[in-house]
Amino acid sequence: MATVELRDIRKTYSDEEIIKGVSLTIHDREFVVFVGPSGCGKSTLLRMIAGLEDISAGELLIDGVRANEKGPAERGLAMVFQSYALYPHMNVYRNMEFSLRLAGMPVAERRQRIADVARILQLEPYLDHKPGQLSGGQRQRVAIGRAIVRNPKVFLFDEPLSNLDAALRGQMRVELATLHRRLGATTIYVTHDQVEAMTMADRIVVLRKGVVEQIGTPLDLYHRPRNLFVAQFMGSPTMNVLPAHIVSVTDHAATVTTGPLTVTVPVDAGSLQPGAAVTLGVRPEHIGLDVAGAPQGLVEISERLGAATLLHVRLSDGRQIVVQTGGDNMNAPDSAVGVTPDPAHCHLFDADGAALDRLAAHPLQVGS
Amino acid sequence: MDQAARRIPVAAPVGRPSHARRTGGALLLSPAVILLLIWSLVPLAMTLWYSVRRYNLVDPTQVGFAGASNYVYLLTDPDFITALLNTAILVGGVLVITVGLGTLLAVLFDQSFLGRGIARVLVISPFFVMPTVSALLWKNLMLHPIYGVYSAMMRAVGLTPVDWLSRYPLATLVMIVSWEWLPFAILILLTAIQSLDAEQKEAARMDGAGPLAQFRYIILPHLSRAITVVIMIETIFLLAVFAEISVTTAGGPGVASTNLAFLIYSRALLQFDVGGASAGGVVAIVIANIVAAFLLRAVARNLEA
């Protein structure tokens, strides 16, 4: 059982505020991912929870008890660092034993615990090895093992996969998700990679410049981004964003036009009047190719990924959009195509970048 | 044929160096190698030669082979044993002080505090003072029983000043030489500490390690390689400490502060016994090589790990 509660947490360096008031409740056994571009303060926030950075203002509660003044070791958390931070002169066994030894645990109990963890992480053959003799993935597992042996209330991960190559990253992602299912420990995970966030998180916290932009389940963020920043940050390839203006408004939809495209989007337009400037957002996977209609643009580049093809289409008004089509799409560069965004999956943002409420709920969407 | 000959230099660097190329390279290297050989082999040969000769600068009638008698005379001389012991105390004492204090100060100077840049320059600066000058500074400015700073301080609190250099000659020398070499140790160890990954210290903090445990389990093992290097380099120089002794105590009182280097000097240029001094030189070479062999093995093992 472990919950973490942040109450208006702030961090100030000299006179610059890095974290501008973050409030968040992390439930027991939850896997929460902090995601955002570099410099958004996600690592600082994690280090404040860990106790490695002081909290300038606000309150941190672990299991309902104020932990602001507790040292890193007393908080009962364990952290996996980006550089793994293994102790290079100790072998794998000693690395995992270090915290237990400092805590004064009897040798027999230590050995038992490390053996258990080594079995879970398949580290048994490497217990005598020094970190320098291990591969990146193995070191990563040792770092995780060092966190697990302490039996912490909460696991903290600081971009743990960013030093691994793409294939290994995919594999470790699955291993981490499996491990979380198995241990059921509360986990806070920091990453700049939205794929890691989408695939592993129960809930995602999107940060920008020290401010929480949105908190929600992965699909919540994907289907109902609260603003333009979240919309563009989540999802790969990135959402197409086109400046548009409103043509007409009804109770349950707004019709907008941008260049050669006119779309009727099922949103609550609120106080917006026809003629108002808005931003139309539509993901590449939600744009279809219209074979019958008049061509609206030219294919500039086609990126063939095998399972899918990304067509970079130059619209007749000069704007470029990305369309995701099937892997067997035959359109070559310079061929003329018509594009039709799926109105149900279009997003509208007002002049400030805030999303207009979408009226169609997605069937997979949970938690909102 | 002319063309074929011209092509060879282009093709040659790709494969293995040809025999002709290697010979050419050796030929070009030879002036430097031969010069270095002469530089080190000739003095060695002459020392060996003189060490078996009767050769006294004040008595030209003493000539001819001495056989082993120079060595016998030296090795049975109680002064030689004293000098050997003094050398060991000097080297060992300075090593303990500089490495021990150097490690602690390096950790201290790694912390951020006001005026750290200036403090770092100050702590390094004794290294730039040449040995004779620093020995004179200590002898006359700091430790002089009448107008030295220490004597003034002792008198100020009602104590009788101590004539350091005649009462505790060797301990004073250890202190002076330590003062000269401490900056070197700090410099090497500080740079080594700065290369320690900050995340490792943070991981140790998360694991519950306090400052002492961090020092014992993280910082000290990280420094072990640098410490070996400091010990090796300092030992090489400390075996040959001469200027400080010559300036302050001239080996005395008696032979209380005479080390091997100074003993050889006094044999040759104070007692004018070149043969005996050469025998001492040969013994010094043997000792230096034994020490070097041990140190190099220790360093090699440490660098491997």
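This is a predicted model: local features need pLDDT of at least 70, side-chain atom pairs count only at pLDDT 80 or more; totals for chains, interfaces and linings use all residues.
1. Residues are numbered from 1 along each chain as its sequence is written, and chains are lettered from A and ligands numbered from 1 in the order in which they are written.

2. Strand β7 of chain A covers residues 154-158, and five of its five residues are buried (20 or more other C-beta atoms within 10 Å of the residue's own, with C-beta atoms placed from the backbone). Strands (E, at least two residues) and helices (H or I, at least four) are DSSP runs, numbered from the N terminus. From β7(A), V154(A), L156(A) and D158(A) point one way, whereas F155(A) and F157(A) point the other way.

3. Two strands pair if DSSP finds at least two bridges between them. β7(A) pairs in the parallel sense with strand β6 (residues 77-80) of chain A over four bridges, and A78(A) stands opposite F155(A). β7(A) also pairs in the parallel sense with strand β8 (residues 186-191) of chain A, over five bridges, where V190(A) is the bridge partner of D158(A).

4. For chain B, the unreviewed UniProt entry lists several stretches as "transmembrane region", including residues 80-109 and 121-138; such annotations may be inferred rather than shown by experiment. Over residues 80-109 of chain B the chain is 100% helix, with end C-alpha atoms 42 Å apart, while over residues 121-138 of chain B the helix content is 67% and the end C-alpha atoms are 20 Å apart.

How values were computed:
A residue is buried if 20 or more other C-beta atoms lie within 10 Å of its own, exposed if 12 or fewer, and partly exposed in between; C-beta atoms are placed from the backbone.
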